Amino acid sequence: MKHFRLAPLAFALIALVSLDASAQDLNATKATASQSNEAIRVLLITSGCCHDYDFQTKKLQLAFEKHGVPVQWTVVNEGGNGTEAQIDFYKDASWAKNFDVCIHNECFANTTDPAYIRSITQPHYDGLNAVVIHCAMHTYRGAEIDNWRQLLGVTSRRHDHRSAYSVKVTKKDHPIMETFPDGHTIEDDELYIIEKVWPHTTVLATSKSEKTGKDHPVIWTNQYGKARVFGTTYGHSNSTFDDPQFMDLVVRGTTWAAAKR
Ligand SMILES: [Zn+2]
């Protein structure tokens with residue numbers, strides 16, 4: 001009889017515990033939902049030599065809109081269209097504050113000042129996530145220090161000719177690559193010659209050199225200190241920024257790097 005009386009109490013306690021657990025689950029779901037609805041705070045650094053940055057910026061912004069990914073944009077286009085500049089934006093020591101991710105789509109190959117480069121890489125090392133596109137890989141390429149290359153995850157100093165390059169997906173199960181078709185052709189772009197892949201880099205796709213037959217990484221992720229990094233060496237031509245598969249890739253890579261995926 002005594003046992004019989006305790007049983008309903010025990011049942012009630014279990015019910016309370018499970019109610020509490022489902023309330024927690026619900027709160028967690030709500031938190032995730034509100035997080036995913038929050039805009040990603042994107043800093044876009046885009047200037048320097050050789051590319052149509054106004055066009056590319058517009059296409060980037062349209063791509064996020066198309067995919068329903070809300071973004072709070074800060075676009076920095078400073079330093080002109082030459083190969084060497086130190087942009088004022090980085091002079092503020094707290095330049096990286098308040099951003100989830102910085103997209104580097106700039107091209108300053110001949111800037112080599114180590115103190116300037118460290119003022120850019122250190123906030124990344126401390127946790128500002130990054131996306132690196134095309135000529136970001138040749139930016140600071142003459143520098144003696146490796147900090148920028150370690151942030152990129154690859155070392156490159158030159159490229160093959162413009163051509164149509166097929167992209168071989170090497171990591172199909174990575175969330176960034178889920179919708180990217182294996183064998184997709186980037187119609188008119190440059191193949192960057194990758195001299196070195198740094199240890200924290202995961203190569204997601206490669207393309208073959210028409211000159212040497214060698215495969216070079218063209219899409220990858222990297223871990224630089226606390227920062228998640230997504231990179232692609234494509235992005236030379238306006239036609240690449242008009243390619244829906246490429247733009248989908250950049251949106252997925254950016255949301256992944258910003259830890260929103
Ligand atoms: Zn280019």
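A residue counts as buried if 20 or more other C-beta atoms lie within 10 Å of its own C-beta. The views below come from a predicted model.

**View 1. I219, a buried position in strand 9.** I219 is found in strand 9, residues 215-224. With 27 other C-beta atoms within 10 Å, I219 is buried. Beyond its neighbours within four places in sequence, I219 is in contact with L204, A205, T232 and L249. L249 is itself among the buried residues of helix 6.

**View 2. The whole protein, for orientation.** The protein has 6 helices and 10 strands. Its 261 residues include 39% that are buried. Among contacts with a separation of 6 or more, 75% join residues 24 or more positions apart.

View 3. Helix 2 covers residues 53-66. Its 14 residues should span 20 Å at 1.5 Å a residue, and the end C-alpha atoms are 20 Å apart, so the two values agree. Buried here are Y53, Q56, L60, A63 and F64. These residues lie on the same side of helix 2, because they cover an arc of only 95 degrees around the axis. The face turned away from the buried side carries the exposed residues D54, F55, K58, L62, E65 and K66. The cover over the buried residues of helix 2 includes strand 1 (40-45) and strand 2 (71-76). It also includes helix 5 (238-241) and helix 6 (244-257). Just after helix 2, G68 takes a positive phi of about 70 degrees.

**View 4. Helix 2 against helix 6.** Two packed helices are described by the angle between their axes and the distance between the axes. The axes of helix 2 and helix 6 come within 9 Å. They cross at roughly 75 degrees. The two helices are therefore roughly perpendicular to each other. Helix 2 brings K59, L60, A63 and F64 to the contact, and helix 6 brings M247, V250 and V251. By class, this contact has 6 nonpolar, no polar and 1 charged residues.

**View 5. Helix 6 on its own.** Helix 6 has 14 residues, which should span 20 Å at 1.5 Å a residue. Its end C-alpha atoms are 20 Å apart, which agrees. F246, L249, V250, V251, R252, G253, T254, T255 and A257 are buried in helix 6.

**View 6. Helix 3 and what covers it.** Helix 3 runs over residues 114-125. Its 12 residues reach 15 Å from first C-alpha to last, close to the 16 Å expected at 1.5 Å a residue. I117, I120, T121, P123 and H124 are buried. An arc of only 160 degrees around the axis holds these residues, which puts them on the same side of helix 3. Strand 4, helix 4, strand 9 and strand 10 (227-232) are among the elements covering the buried residues of helix 3. G127 follows helix 3 with a positive phi, near 140 degrees.

**View 7. H134, a buried loop residue.** H134 sits in the loop between strand 4 (129-133) and helix 4 (147-152). H134 counts as buried because it has 26 C-beta neighbours inside 10 Å. Residues up to four places away aside, H134 touches N105, T233, Y234, G235 and H236. N105 is 29 residues from H134 along the chain. The C-alpha atoms of this pair are separated by 6.9 Å.

View 8. Most residues other than glycine have a negative phi. C50 is not a glycine, yet its phi is positive, about 80 degrees. C50 lies in the loop between strand 1 and helix 2. With 15 C-beta neighbours inside 10 Å, C50 counts as partly exposed. N98 also is not a glycine and has a positive phi of about 75 degrees. N98 lies in the loop between strand 2 and strand 3 (101-104). N98 counts as exposed, with 11 C-beta neighbours inside 10 Å.

Terms used
Residues numbered from 1 in each chain as written. Predicted model: local features only at pLDDT ≥ 70, side-chain atom pairs only at ≥ 80, totals over all residues. Helix = DSSP H or I, 4+ residues; strand = E, 2+ residues; numbered from the N terminus. Buried ≥ 20, exposed ≤ 12 C-beta atoms within 10 Å, placed from the backbone. Contact = placed C-beta atoms within 7 Å. Expected span 1.5 Å × (residues − 1). Arc of directions from axis to C-beta. Axes fitted to C-alpha atoms, helices over the stretch in contact; angles between N-to-C directions. Parallel < 35°, antiparallel > 145°, perpendicular 65-115°, else oblique. Nonpolar A, V, L, I, M, F, W, Y, C, P; charged D, E, K, R; others polar.
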